[in-house]
Amino acid sequence: MITDKRIRTTEQFPVASLVLRYRAAQVFGNASKCAAAIAVSRQALNQRLRSAAKWSNTHAWWCELLAMPVELIAGDDLDAVMPAVRALPVPSLDERSRLAA
C-alpha cells in the first residue's frame, strides 16, 4: 500500500495568483520579463506565485515589487478586486528598476 505523505494545503488566498499574474504583466509586460527583472527563473517565479495563494509570507514582497496594496491579494472575490487592480497606475521605467532592485 502506497501512502502519500506530502502535505496538502488549500488555497488560503484564492485570487492572489491571478491578481499577481495580471499585475506582473501590467508592470513588466509579461511574466518572463518580470522574472528577468528580479533575476529568477520563470519556474521560480511560477512557484512563488503558487506559494502566494497558500501562504501570506511573501505578500509584502510581491506588493512592493508590483507597486500595489497588500489588501488586493487577500481578497476572495476576483470580480471585486480586478477593477481596483486595473485602475492602479503603471510605474515608470525608473520606478520599475527601483522596484526590481
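Start with H4. Its buried residues are His59, Trp62, Cys63, Leu65 and Leu66. Buried means under 20% relative accessible area, with exposed over 50% and partly exposed in between, using a 1.4 Å probe and protein chains only. Helices here are DSSP runs of H or I, at least four residues, numbered from the N terminus.

Seen down the axis of H4, those buried residues fall within an arc of 160 degrees, so they line one face. The arc is taken from the directions from the helix axis to the C-beta atoms. What covers them? The cover includes H1, H2, H3, H5 and H7. Just after H4, Ala67 has a positive phi of about 50 degrees.

A word on the source. This is a predicted model, where local features need pLDDT of at least 70, side-chain atom pairs count only at pLDDT 80 or more, and totals for chains, interfaces and linings use all residues. Residues are numbered from 1 along each chain as its sequence is written, and side-chain values use heavy atoms, leaving out hydrogens and water.

Now the largest nonpolar core: buried Ala, Val, Leu, Ile, Met, Phe, Trp, Tyr and Cys residues joined through side-chain atoms within 4.5 Å. It has 27 residues, and Leu20, Leu45, Trp62, Leu66 and Met68 touch the most other members. H1 gives the largest share, six residues.

Take Leu20. Beyond its neighbours within four places in sequence, Leu20 is in contact (heavy atoms within 4.5 Å) with Leu49, Ala52, Trp62, Leu66, Met68 and Ile73.

Last, confidence. pLDDT is the predictor's confidence in each residue, from 0 to 100. The chain's mean is 84.

Conventions:
Helices (H or I, at least four residues) and strands (E, at least two) are DSSP runs, numbered from the N terminus.
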